[in-house]
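Dear colleague,

Please find the structure below, together with its sequence. My notes on selected parts of the structure follow it.

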Amino acid sequence: MTQSTRTVLRNQLNQALAAMKDAWRVMRRRGPSQIQFWFIALAIGIAAGFMALGFRKAIQALQAYVYDTGDISLLHSHVEKLPWFLILITPIIGGLIVGIILHRYTDDGRVRSVADVIEGAALTDGRVEGKAGIASFFSSLITLSTGGSTGREGPVVHMAGVISTWVSNRIHADGITGRDLLGCAVAAAVSASFNSPIAGALFALEVVLRHFAVHAFAPIVIASVAGTVINRLEYGDVTEFTLDTPGSLQFYVELPAFLILGLICGLVALLLMRSIFFAEDIGNHIQSRLSLPGWLRPAVSGAMLGLIAIWFPHIIGVGYETTIRALAGDLVLTTAILFAIIKTVAVAITMGGRMGGGVFSPSLMIGALTGLAFGLIATGLLPDVSGTHTLYAFAGMGAVAAAVLGAPISTTMIVFELTGDWQIGLAVMVSVSMSTALASRLVDRSFFLTQLERRNVHLAAGPQAYLLAMLRAGAVMRPLGDARSITREEAQVLIDQGLFVQASATLEAAMPFFDRDEILCIPVVVSGDDGAETPVGTLYHIDALKAYNRALAATAAEEHS
């Protein structure tokens, strides 16, 4: 190679490096372009996919070690043979570890999950808590490996949000980009966790972003496919559940039965959600009355779970063994009903006790048991016009899960992909639609949105309800001394009447003053160390309405772009 050629190559290399630096600088300042964004979505999808796969493998390894079994798929059958004191003490130790982790790394001792990701998408430009999210991730790992009765989707969804948040902060992503990156991470995590690329993408759009904007679809699909590829590299192209008995539907005659099953599953889903909230309220009350340290609460719940598991080991962990038995029709009527009731109690204790995990996998199990019980009754009463009772288990699994998640589209798809059976879609769709329609009227649309509503985060009603909580009075006010503002003396008169709002307060707190007192403006104040309220500006009703209208318009533009 001649000297001139080396010089040319060196110059080309330097130019390429300079172009990359310029591109990185522009991306950090202005956000990524469309093509760059797709590559970022792919990278996030790969990272979230490996995270979800690692979480699943870690649960299997830790469960195998804790319960001394070589076949996790038969965990419940193995636990039945263990000494009772080992079954009892294992979740207590796990709960104690979880309590210590959450006490040290969270400010409220609460596990972060899907609801927090939805809140991050709506209120914080697609960002979620980092330290608390990582603590919740490891708490859920301990919970699911030591006898907790929840699922693995909640932890992986939030941890995916932690990954996307880190990337969004590095590139200074705006709200739209941050939310899209969050959707990409969630889609990849769900896809990698359940080998379900279609449902993973739809879950991110339907549950987390809560819109189907075209601009978000392509990158989310890219990330979802990346997550699925990672899952299949490890497990192959296999479904989570294998149905031994093919389902058959006596088309028109049997449809009313699936309508009824959907309504029953909606009530079962409601019972599951309400039992979790009841357990949480009871736990808060008991903890307050007894002055119980927060770090001991999961251990107390672990003790209750251990007692139940001595007689009903099917409550341990995700519960796929029992779900498979229900889908195969390998349970009698009384056992299916009893298992569904005990599992509901165990899930409520686990989540009410502030241990870790999600609610999707338990809802699949409870739904399969409910559907099987209904199917055994229906096919027993009308055997000549009925298909197999396992078909009802299949439909029930989707119906309860859809009602809990408030996501009929993505849940229907994920049930199809979990089983690989696409021939009985009509039965599943009928049951899912009825259960979701019923349950969504009795809670705030879904389990996650009801969780947020209980924290006074009003997302269920839509942007018109929560956008006011995103706008600060200090950002909308007219500074004191502005020609368009009132004087300091006029502001003090209103302050003396109790008509003022803190600069850090939201418009949600300010708007009632205008509606109740019929005034045009209120002072905006800051509190001093001596408790005195010092006016710093004026919030006009018209300015608040303009800011609210701009926020509504921006949200509508994002959702329809």
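In helix α23, residues 507-517, the buried residues are L507, A510, M511, F513 and F514; buried means under 20% relative accessible area, exposed over 50% and partly exposed in between, with a 1.4 Å probe and protein chains only. These residues lie on the same side of α23, because they cover an arc of only 150° around the axis, the arc being that of the directions from the helix axis to the C-beta atoms. The face turned away from the buried side of α23 carries the exposed residues D515 and R516. The cover over the buried residues of α23 includes α21 (473-476), β2 (501-502), β3 (521-527), β4 (533-540) and α24 (541-559), where contact means heavy atoms within 4.5 Å. Just after α23, E518 takes a positive phi of about 50°.

Please note that this is a predicted model, in which local features need pLDDT of at least 70 and side-chain atom pairs count only at pLDDT 80 or more, while totals for chains, interfaces and linings use all residues. Residues are numbered from 1 along each chain as its sequence is written, and side-chain values use heavy atoms, with hydrogens and water left out. Helices (H or I, at least four residues) and strands (E, at least two) are DSSP runs, numbered from the N terminus.

Regarding the strands, β3 is largely enclosed by the rest of the structure, because five of its seven residues are buried. β2 and β3 run parallel and are joined by two bridges; strands pair if DSSP finds at least two bridges between them. Q502 stands opposite V525 in β3. β3 pairs with β4 in the antiparallel sense over seven bridges, and Y540 in β4 is the bridge partner of C521. Five residues separate β3 and β4 in their hairpin, and G531 in the turn has a positive phi of about 90°.

Y540 also has R478 over its face, at 4.0 Å from the ring centre; a charge sits over a ring if NZ of Lys or CZ of Arg is within 6 Å of the ring centre and within 35 degrees of the ring normal.

Finally, the structure holds ten aromatic pairs. Rings of Phe, Tyr and Trp (its six-membered ring) pair if their centres lie within 6.5 Å; planes under 30 degrees apart count as stacked, over 60 as edge-to-face and the rest as tilted. The pair of F55 and F137 is tilted, because the ring centres are 4.8 Å apart and the planes stand at 40°. Both F55 and F137 are buried.

Yours sincerely
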